[in-house]
Amino acid sequence: MSATAVRERPTGPAARPPATTRASRPRISVRRHWRPFLLGAVVVLWLVLWAVLKGTQTLELGGAEKTDFHLWLNSVRDSFDAARSNSAVFEYVVQPLTDGLNGLVAFLQSLFSQPSALRPVPQVGWLGVVVLLAWLAFALAGVRSMLLVGACVLLFGFFGYWQQSIDTLVVTFVAVGLCAILGPPLGIWMARSRRVSAIISPVLDLMQTLPSFAYLAPLALVFGIGPAAAIVTTIIYSLPPLVRITEHGIRNVSPTTLEAVTSMGGTAWQTLTKVQLPMARRTIVVGINQCTMAALSMATIAALINGPGLGQPVLQSLQSLDVGSAFVSGLAIVLMAIMLDRTTTAASERSGIEARVARGTSAGGFRGPRARRVGVIAGAVIAAVAIYLSHNYLALAKFPASPDLGGPLGKAVSAATNWTVGTFSGFTGWLKDTITTLLVNPLESLLAQSPWWVMALVLLGIALALGGRRAAVAAAACEAVILGTGLWNESMKTLATTLVATLLVVVAAVVVGVWMGRSRLADAIIRPVLDAFQTIPSFVYLVPALALFGPTRFTAIVAALAYGVPIATKLVADGIRGVSPTTVEAAESMGTTGWQMVSKVQVPMSRAAVVLAANQGLLYVLSMVVVGGLVGGGGLGYLVVSGFSQGQLFGKGLAAGIAITALGIMLDRITQHAAARLGRA
Amino acid sequence: MKKWIKPAAVAASVLSAALGLTACGGGDISATSNAAGGASKCGAFNVAVNPWVGYEADAYVVGTVAKEKLGCTVNYKTLKEEVAWQGFGSGEVDTVLENWGHPDLTDKYIKQQKTAQDAGPTGNTGVIGWYVPPWMAKQYPDITDSKNLNKYADMFKTSESGGQGQLLDGDPSYVTNDEALVKNLGLNFKVVYAGSEPALIQAFRQAEQNHTPLIGYFYEPQWFLNEVPLVKVNLPAYTDGCDADPAKVACDYPKYDLNKIVSTKFANSGSPAYNLVKNFKWTNQDQNMVAGYIAKDGMSPDAAAQKWIDANPDKVAAWLK
Amino acid sequence: MTAPTLDPETSRRAARRADSIEPALKVEGLWKIFGAKADRIIGTPDEHLSRKELQSRTGCLAAVKDVSFEVAQGEVFVVMGLSGSGKSTLVRLLTRLIEPTAGTVRIDGEDVTQAGKAQLRALRRNHMAMVFQQFGLLPHRKVIDNVAYGLEVRGEPKAKRLARAQEMVDLVGLSGYEGSFPDQLSGGMQQRVGLARALAVDPQVLLFDEPFSALDPLIRRDMQNEVCRLHEEVGKTMVFITHDLQEALRLGDRILIMRDGEIVQIGTPAEVVANPADDYVRDFVSDVPRSHVLTLRYVVRPAHDGESLDGPVMQANQIVRDAARQVLASSLPVRVYDDDRFLGVVDDEDILRVVVAEEGA
């Protein structure tokens, strides 16, 4: 198990290969002939039209210009704002909800993290919190988790972010708790009805791909500034994985078992509670784990609307370009992710074993449950004592200021960054210029300088050639949406950088992934680094990236690489490792060289994994478009950011967010259908 | 999932048992509470903290004074301007301490919704314009006149600017007229968006360090000017109304008298903090000093504010009148 | 098409076991067509098309075509066919795990096809139980709880259902394993759990869907013996699906042979082997050791003129193999009687013809 923000994003409904009826089978051989031909024709025609019509009808929209659609979105926002004070929905639904969430968070904060009116320290001091969390980890997961949790929580304090860390834990706990209440029922509902699934699934797609920057401001309008809106934002992003995984788990309950149960005349409810839920339990726990990771990855974003926690110091250090402090607070988030990931995973494994032990069957060498029970009770007593002491003695309540690990660590990181920048900025400048001139500029010119209708047709043709008719239909729909947003030109610019970034992601993923797949040692060293890059808030490495590459599109690409390469690399590595050992052995027995093994056996055989890596890399790259906008990426990302920052650009920003989503869905469908086709070829 | 409930329930009872014990034992911590001297009729004081260091300086200085001298419970809320203004209506934000114009927000929240009102100038003057790093101003003295910029356009070419000179715009929080300016002044430049304040600052820092050419949008007061004193390029002087039509702008940005905004509720609440906000006034130099403590010296905002307050008791006293 | 007839031997056996003449299971005109607008095909000329033609013309797949048969109380009725013949669909139609397109199914006179949701559930809970090829056990429950599941959903009190489940666990020979989880048992043991689970609800009809084809041959034999034993002990009506002819001949009182969704032949094992309905069935049974299946009824012939009628007497339902030694030992032809009725004689040559023909095949 790894600590990753979003692992293997569940794919949309089109993940299923398009069904071909048997009747149409004879035509396939014909199709294979015209597909490459179509692709070639499209590209040639495109180049010709581009050469002739370059720069005309590009639908370019100036920085401050707005379309009617953008203004309409603004007016919707305004009427929202106006309705806030005198609408029944706000008064009786939203307001109580907001108050409830804020109240809950405030209550937990006063218990564990924040001083209250009467006390300069929270009810439970640091010692109490540390012992309580460690005890919980012991009771739920075991001794190793207890040590991990204890060490991590202490480190939060030594880093100097005690209060913020506990705040983040509180907010994550509340958000994940709500997800755990909302998600499984929704997933069950979707698993039981194809129609419900078909309706909700696109909504989940939207929730996952619409950049949160685009709806942050209106959410703050509805749920107010602070924990409530932060929690709602977090839920919007972290609920979909849980729902999807639950649906998947319920759907995958063995059909024979279900049939057997139906044949015995169980009611739907009995089948659900006695069969499907227990059998999907492990999968649902994995869903909750994913949900937790996703929730943590929202910590920084949530800080933009005053969500309490570690995101605040990250943003604050960013303002003064303090790389060291940003790194230390980011590291605290990474540690928290690792701690929660490992503990929930261990807990789910443990509870599986325990279920058996509790029912009286020995499941192999498990240390006596009775000894454990005594340990848990003793731990409870110790925790109670620790809480009591930390409530009453200031030294045990307020986290000690020394030893201070955060300060020196931050300084060291700053120094290292400065050294790196100073040493490599020449090389990085050259790298940036080369890739920009050779790849980014030509592609952007081709995409953004072609007339919009040429581009629309070209994309359709490519979708048809690569993915088939269903991909083309999806592409057409997404194109219509992008046109509707009025941001065609910006979308094409974003598409250009996205494609370049994806290409680089795939190249890096194949190179590193093959290495990791072939060498256990390389895997053991690189994997934790990849995990860290997936969890650390991207804001942390923006400043060094800026220092190395300046505010350019290439910096945006680098940021996308930092986020996209880990997942793609891991997928490739797992694919290479998944190649049957018998085949490798057989190839070896025929005197295959190392390089031949890679190029003729391992990579071709893990083609499916490489395609999946490309698809996931693409989606991860797209999810960094907004962050890219913060560092000179321009295009849609910048518009989303400015839409969040400037009231009158809200509509345009939201439209840009929608365009990003449409781009994402279009690319996802094309690659998925293409992958399905490739897989069958 | 039943298995999870049990430890959770036990945890809850452990917690309540421990706290219950405490209730009997009597806590000695609350006795050490830092009870404020003054009457605590101030209550909660919600200060929006817009995300730039200069603002942080304002916020923490005012906040620290409110806490220490007026006994307020100060809540700092890190928010972008737009979101901060939204908070006036719901009572989540009492004051924005450094407002840069924002005619659209002023119109919406002060004139239409009447949830906010002007609380007077901060004493800081906001300047927006085009800046070059000091080494360039020294080496090419005539570069500070916008008329000569075309001469240097080639020098400012980058991978992003497609054959023209690059004019680096930055923070998405501000409306810029730069695209129109470039066009209307006939400059062979292209506006490139850095995307955020850190990106802009980092770019200028690198430019000065490595003596690479850069021209970009910047503003003061800004702590970074203490680190690298950027030099402003003179655009055709601002005259009243010359920026009325955004498409035809060909003049410099106006100077902003930065002001404070408070929520109407707060203004009418009779809180002593309102008086403090209204009286709060200092200079660009004061702000840059505190901002420098935070950004350059790495002090916490609280400590930075405290340091300045301790050094300037007379100014603080004037605000409390 | 062979009309569903009752072989005299079977009907006698059935009559011995059941008090009523009402068949345990009665199926009439049962259809299942997969595909859009499947119900519109029945009643049109299309319904007579072969499976292939129908599919190419309408895109619909006729899995079960116009199947009718009856199963007597206490009978073991085997449905046999190759994969794709529609036998698994047929058994699911009986409990409406798959909705039939047309036709009726009656269990103990109750119409399953017309039953409402609640009624169907009641039927499933009380009147029939099924054993599956892949076992379909609940991995998160112990053996005893798996066996008790049917009683649990029926709402029986805990003590009662556990007692009953324990009985069943003992009956299938799993005593001592009631506390184990399914994945700790071998395949054969798991299927015993499936068997016990089905028996626990005391159904009128037991349905087996290729229950032993996932098991290895030795265990399969064991389990077949187990079914024979259970049938002797509890005397349930059984419908048994298999693709294994040996298994069909071994267990079945009667066998229904299916191909492409249609009935090819229904008859006792001996009937099927002795008089295959068509080449398909003939091909099927060609490898069967006939002497193991045929009874004397199928080798008996009228006595020649002057043939001695003083030989020993044997009953017509004797399997040839079992009778062989005695016939060969006797110097005179053996007289064959169906109860009291004289059918004819069998001599060494008649027996050898059956046995030698086998070896030549």
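1. Helix α20 of chain A is largely enclosed by the rest of the structure, because 23 of its 31 residues are buried. A residue counts as buried if 20 or more other C-beta atoms, placed from the backbone, lie within 10 Å of its own. Helices are DSSP runs of H or I with at least four residues, strands are runs of E with at least two, and both are numbered from the N terminus.

2. The model is predicted: local features need pLDDT of at least 70, side-chain atom pairs count only at pLDDT 80 or more, and totals for chains, interfaces and linings use all residues. Residues are numbered from 1 along each chain as its sequence is written, while chains are lettered from A and ligands numbered from 1 in the order in which they are written.

3. The length of α20(A), residues 488-518, agrees with expectation, because its 31 residues at 1.5 Å a residue should span 45 Å and its end C-alpha atoms are 44 Å apart. The expected span is 1.5 Å times one less than the number of residues.

4. Which pair of chains shares the most contacts? Of the 2 pairs of chains in contact, it is chains A and B. Two residues are in contact if their C-beta atoms, placed from the backbone, lie within 7 Å. Chain B and chain C have no contact with each other, and their closest C-alpha atoms are 13 Å apart.

5. Between chains A and C, 18 residues of chain A meet 23 residues of chain C. On the chain A side, α10 (255-263) and α11 (268-297) are the elements that give two or more residues, and α10(A) gives the most, with 6 residues. This side of chain A divides into 5 nonpolar, 10 polar and 3 charged residues. Ala, Val, Leu, Ile, Met, Phe, Trp, Tyr, Cys and Pro count as nonpolar, Asp, Glu, Lys and Arg as charged, and the others, Gly among them, as polar.

6. Chain B is assigned domain 1 (40-125 + 257-319) and domain 2 (126-248); such bounds come from an automatic or database domain assignment. The C-alpha centres of these two domains of chain B lie 29 Å apart, and their contact takes 16 residues from domain 1 and 11 residues from domain 2. On the domain 1 side, α2 (53-70), β4 (116-132) and α12 (284-295) of chain B each supply at least two residues. The largest share of that side, 6 residues, comes from α12(B). By class, the domain 1 side of chain B has 6 nonpolar, 7 polar and 3 charged residues.

7. Chain C is assigned domain 1 (8-127 + 203-288) and domain 2 (292-360), with 33 Å between their centres, taken over C-alpha atoms. Their contact takes 7 residues from domain 1 of chain C and 5 residues from domain 2 of chain C. Helix α10 (residues 269-274) of chain C gives the most to the domain 1 side, with 4 residues. That side of domain 1 of chain C holds 6 nonpolar, no polar and 1 charged residues.

8. Chain C also contains an open sheet of 6 strands with mixed pairing, in the order β6-β7-β8-β3-β9-β10. Two strands pair if DSSP finds at least two bridges between them. The edge strands of chain C, each pairing on one side only, are β6 (128-131) and β10 (262-267). Strand β9 (residues 254-259) of chain C runs antiparallel to β10(C), joined to it by 5 bridges. Opposite M258(C) stands I263(C) in β10(C).

Key: A residue is buried if 20 or more other C-beta atoms lie within 10 Å of its own, exposed if 12 or fewer, and partly exposed in between; C-beta atoms are placed from the backbone.
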